[in-house]
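Work through the exercises below with the sequence and the 3D structure side by side. Each task is followed by a solution in steps.

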Amino acid sequence: SSGINAEYGGRYGSNTVRNPMLPMTELIMNQEPLSSNILNNTNPQEQKQKLGEKLYPIIQAAQPELAGKLTGMLLEMENSELLHMLEDSISLNSKVNEAVAVLQAHQQKLADQQMIAK
């Protein structure tokens, strides 16, 4: 499934989420492309590592406070989808926005639960 799971990592800071309109296009264009050939020669764990190393700086430029969590959430997707997103900034942008929305909804739910608990 390409759904994004808000429970990734299971820890939430009080990160504020900025509205992302991302400079992803330039960042993606400036990167050395990560071809599926490179990934074919590595084990699944290393593949995720390489994809994460490519995604993190792009996401960090848009969402510095949430970059680690957002990258982790996206890395739960299929590698083929991640490769596609690294070539298509619009696709990546929409997935990052979706992940941010999931986090915001989760944080709102936590805040509501804390209000109820008081």
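**Exercise 1.** State the pattern that the protein follows along the sequence.

Solution. Read along the sequence, the pattern is α-α-α-α-α-α. The count is six helices and zero strands, where helices (H or I, at least four residues) and strands (E, at least two) are DSSP runs numbered from the N terminus. This is a predicted model, in which local features need pLDDT of at least 70, side-chain atom pairs count only at pLDDT 80 or more, and totals for chains, interfaces and linings use all residues. Residues are numbered from 1 along each chain as its sequence is written, and side-chain values use heavy atoms, with hydrogens and water left out.

**Exercise 2.** Find what share of the residues of the protein count as buried.

Solution. The protein has 118 residues, and 37% of them count as buried. Buried means under 20% relative accessible area, exposed over 50%, and partly exposed in between (1.4 Å probe, protein chains only).

**Exercise 3.** Locate the salt bridge of the structure and describe its two residues.

Solution. The structure holds one salt bridge, defined as a side-chain nitrogen of Lys or Arg within 4 Å of a carboxyl oxygen of Asp or Glu. The partners are Lys 95 and Glu 98, with 3.2 Å between the closest N and O atoms.
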